[in-house]
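Me: I would like to go through this structure with you and ask, for each label, what it rests on. Please set the values against the cut-offs as we go.

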Amino acid sequence: SRAVIAIVGRPNVGKSTLFNRIVRQRLAIVENTPGVTRDRIYADGKWLDRSFLVIDTGGITDERDPVQEQIRTQVEMALEEADAVIMVTDGREPLTASDYQVATLLRKSHKPTVLAVNKIENIAQTVDPEFYSLGLGEPIPISAEHGKNIGDLLDAALESI
Ligand code: GDP
Ligand code: MG
């Protein structure tokens, strides 16, 4: 059956932007403001000859909830529904406790996971070695907003299943 890929990560790293980029439509609402309601979290994705379902798990949580709680809910949903997970981080900021919380839950689950380092507009730039400390393997630099390296990310996610 069709592969299911879930996007997880702490707020504001670019999950919905990546979702929209993969789906190639603006189905998820991208917003900085806490507490914004999402209109869509599931959509069909396609890469080369592969069709899959993509989930923006950020869209299921209420941003007024504590971040720790949002993360737990998102990861639980991803573990229940997905064949593979894309963990998104912000390459322009140092890692946070929330990033480590996401990574730890994913590592414990043994669910196939790929690590995206987003907001890297110049993908030739080397990824900060600190991203290896999440213990999720080779970080993949992407720019969700500018559509850079999304194909490589989807290759890695689909191959991990
Ligand atoms: P989410 O909370 O993880 O769903 O994050 P959003 O997708 O709502 O994005 C949060 C912010 O990061 C928005 O202001 C986006 O425009 C910005 N953003 C997302 N992707 C990129 C990117 O590739 N480069 C840059 N510079 N900003 C990005
Ligand atoms: Mg979002």
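Me: Which strands and helices do the buried residues of H3 pack against?

Reply: In this predicted model, the buried residues of H3 pack against strand E1 (3-8), helix H2 (67-81), strand E4 (84-90) and strand E5 (113-118). The residues in question are Asp99, Val102, Ala103 and Leu106.

Me: What makes the buried residues of H3 line one face of the helix?

Reply: Seen down the axis of H3, the buried residues fall within an arc of 95°, so they line one face. On the other side of H3, Ala97 and Lys108 are exposed. An α-helix has 3.6 residues a turn, so residues three or four places apart point the same way.

Me: How do you know that the length of H3 agrees with its number of residues?

Reply: Helix H3 (residues 97-109) has 13 residues, which at 1.5 Å a residue should span 18 Å, and because its end C-alpha atoms are 19 Å apart, the two values agree.

Me: Why is His110 called exposed, and what is said of its phi?

Reply: A residue is exposed if 12 or fewer other C-beta atoms lie within 10 Å of its own; His110 has 8 such neighbours, and therefore counts as exposed. His110 lies in the loop between H3 and E5, and takes a positive phi of about 60° although it is not a glycine. Most residues other than glycine have a negative phi.

Me: Why is Ala78 called buried?

Reply: Ala78, which is found in helix H2, has 27 C-beta neighbours inside 10 Å and therefore counts as buried, the cut-off being 20 or more. Leaving aside residues up to four places away in sequence, Ala78 touches Ala6, Val8, Thr57 and Val85.

Me: Which residues have the most contacts inside the largest nonpolar core?

Reply: This core has 38 residues, and those with the most contacts inside it are Ile7, Val85, Ile86, Met87, Ala116 and Leu153. The largest share of the core, five residues, comes from E4. Ile86 touches Ile5, Ile7, Val114, Ala116, Leu153 and Ala157, again not counting residues up to four places away in sequence.

Me: What makes up the shell around ligand 1?

Reply: The shell divides into four nonpolar, 10 polar and four charged residues. Of the 18 residues around ligand 1, Gly14, Lys15, Ser16, Thr17 and Glu145 come nearest, and the largest share of the shell, three residues, comes from helix H1 (residues 15-23).

Terms used. Residues numbered from 1 in each chain as written. Chains lettered and ligands numbered in written order. Predicted model: local features only at pLDDT ≥ 70, side-chain atom pairs only at ≥ 80, totals over all residues. Near = placed C-beta within 6 Å. Helix = DSSP H or I, 4+ residues; strand = E, 2+ residues; numbered from the N terminus. Nonpolar A, V, L, I, M, F, W, Y, C, P; charged D, E, K, R; others polar. Expected span 1.5 Å × (residues − 1). Arc of directions from axis to C-beta. Contact = placed C-beta atoms within 7 Å. Core = buried A, V, L, I, M, F, W, Y, C linked by C-beta atoms within 7 Å.
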